[in-house]
Amino acid sequence: MAKKVKQPSAHRNGIKPPKLERKQIPNHVAIVMDGNGRWAKSQGLPRTAGHEAGEKALVDIVNGAIEIGIKELSVYAFSTENWKRSPQEVKFLMGFNRDVIHSRRDELNDLGVKIRWVGREKRLWKTVVDELEQAESLTKNNKVLTLNMCINYGGRAEILDAAVAIAKDAMRKKIKPDALTEKSITKYLYAPLMSDVDLFIRSSGEQRTSNFLMWQSAYAEMVFLDVLWPDADRRTLWKAIEIYAERERRFGKA
Ligand code: IPE
Ligand code: IPE
Ligand code: MG
């Protein structure tokens with residue numbers, strides 16, 4: 001028997017998503033959740049308090065994504081470059097990601113969210129990988145929304161890891177180099193089933209991708225918003241979608 005899915009919670013102000021046509025709503029939204037450190041600084045708090053404050057923004061946005069009908073949401077939680085931060089901050093982020101996945105997985109499962117880890121295993125804490133794998137297995141049959149948790153993710157790392165795997169398969173004669181296509185390369189990415197990104201959002205005012213979903217975002221619409229991540233909520237997502245709805249996507253066509 002199919003399990004009963006919980007409806008997303010309403011926004012605390014009771015506001016509803018903008019009324020848009022189905023085709024104006026992106027299928028896959030990617031978010032660079034940026035600005036936690038600056039938010040904390042503005043409050044006179046340590047950087048780690050900014051990361052903590054970002055958790056509720058993510059949860060509200062997941063609910064808002066379901067409300068408006070998005071099918072896939074990718075969030076950048078820790079990049080392959082974030083290892084360059086202080087050992088204390090790296091340690092905090094590892095433990096924090098592990099604990100958030102653990103404490104939120106049942107709630108996300110009830111909402112019908114399928115959690116998927118996207119990233120590199122090398123260097124990532126084993127306890128984080130374990131939590132991610134447990135969350136994946138708990139939510140694997142869910143169909144409402146796929147939430148890609150991008151942890152120890154880097155676009156170049158992903159393409160490099162794919163290139164290595166492709167070269168190995170070619171040496172074992174499992175594939176013919178000349179037969180490779182853009183489609184067959186996606187089988188070697190961290191999440192072969194991930195769809196192309198339609199809408200790419202970054203908070204905090206920075207206008208760069210910082211190595212997020214390079215391959216998948218080739219034709220994404222970019223929306224940069226000034227809000228710092230801990231101040232974001234589903235209205236931030238909906239605002240970006242309204243901007244997206246006004247864009248004309250051409251994919252190279254005239
Ligand atoms: C984003 O916030 C969270 C992570 C990168 C883990 P930052 O920590 O980058 O915050 P800022 O950019 O320094 O304000
Ligand atoms: C990108 O933000 C990574 C995440 C949000 C996880 P950063 O704050 O690390 O990116 P840069 O250093 O400003 O480019
Ligand atoms: Mg940042």
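**Figure 1. Polar contacts of ligand 1.** A polar side-chain atom of aspartate 34 lies 2.8 Å from an oxygen atom of ligand 1. Arginine 38 places a polar side-chain atom 2.7 Å from an oxygen atom of this ligand, and an N or O atom in the side chain of arginine 85 is likewise 2.7 Å from an oxygen atom of ligand 1. The protein buries 86% of the 380 Å² that ligand 1 exposes when taken alone. A polar contact is a pair of N or O atoms within 3.5 Å; accessible areas come from the Shrake-Rupley method with a 1.4 Å probe. The model is predicted: local features need pLDDT of at least 70, side-chain atom pairs count only at pLDDT 80 or more, and totals for chains, interfaces and linings use all residues. Residues are numbered from 1 along each chain as its sequence is written, chains are lettered from A and ligands numbered from 1 in the order in which they are written, and side-chain values use heavy atoms, with hydrogens and water left out.

**Figure 2. The shell around ligand 1.** Ligand 1 is surrounded by Met33, Asp34, Gly35, Asn36, Gly37, Arg38, Arg47, His51, Ala77, Asn82, Arg85 and Leu93, where a residue counts as near if one of its heavy atoms lies within 4 Å. By class, three of these shell residues are nonpolar, five are polar and four are charged; Asp, Glu, Lys and Arg count as charged, and Gly is among the polar residues. Helix H1 (36–42) and helix H2 (47–68) each supply at least two residues of this shell, and the largest share, three residues, comes from H1. Helices (H or I, at least four residues) and strands (E, at least two) are DSSP runs, numbered from the N terminus.

**Figure 3. Ligand 2 and its surroundings.** The residues around ligand 2 are Val32, Met33, Asp34, Tyr76, Ala77, Phe78, Asn82, Arg85, Arg202, Arg208 and Ser210. Strand E2 (residues 72–79) gives the most to this shell, with three residues. The shell around ligand 2 divides into five nonpolar, two polar and four charged residues. An N or O atom in the side chain of asparagine 82 is 2.9 Å from an oxygen atom of ligand 2, and a polar side-chain atom of arginine 85 lies 3.2 Å from an oxygen atom of the ligand. For serine 210, the corresponding distance from a polar side-chain atom to an oxygen atom of ligand 2 is 2.6 Å. On its own, ligand 2 has 390 Å² of accessible area, of which the protein covers 77%.

**Figure 4. The largest pocket and the annotated residues.** The space taken by ligand 1 is the largest pocket, and the space taken by ligand 2 is also the largest pocket. A pocket is an open set of points on a 1 Å grid over the protein atoms alone, where a 1.4 Å probe fits, with protein on both sides within 12 Å along at least five of seven lines; lining residues have an atom within 4 Å of a point. A molecule sits in the pocket if more than half of its atoms lie within 2 Å of its grid points. An unreviewed UniProt entry places the feature "active site" at Asp34 and Asn82. These residues are spread over 49 residues of sequence but cluster in space, with a largest C-alpha distance of 12.1 Å. The lining of the largest pocket takes in Asp34 and Asn82. Aspartate 34 is located in the loop between strand E1 (28–32) and H1.

Notes
Polar contact = N/O pair within 3.5 Å; in protein donor to acceptor, adjacent residues only side chain to side chain. UniProt positions renumbered as here; feature names shortened; annotations may be inferred.
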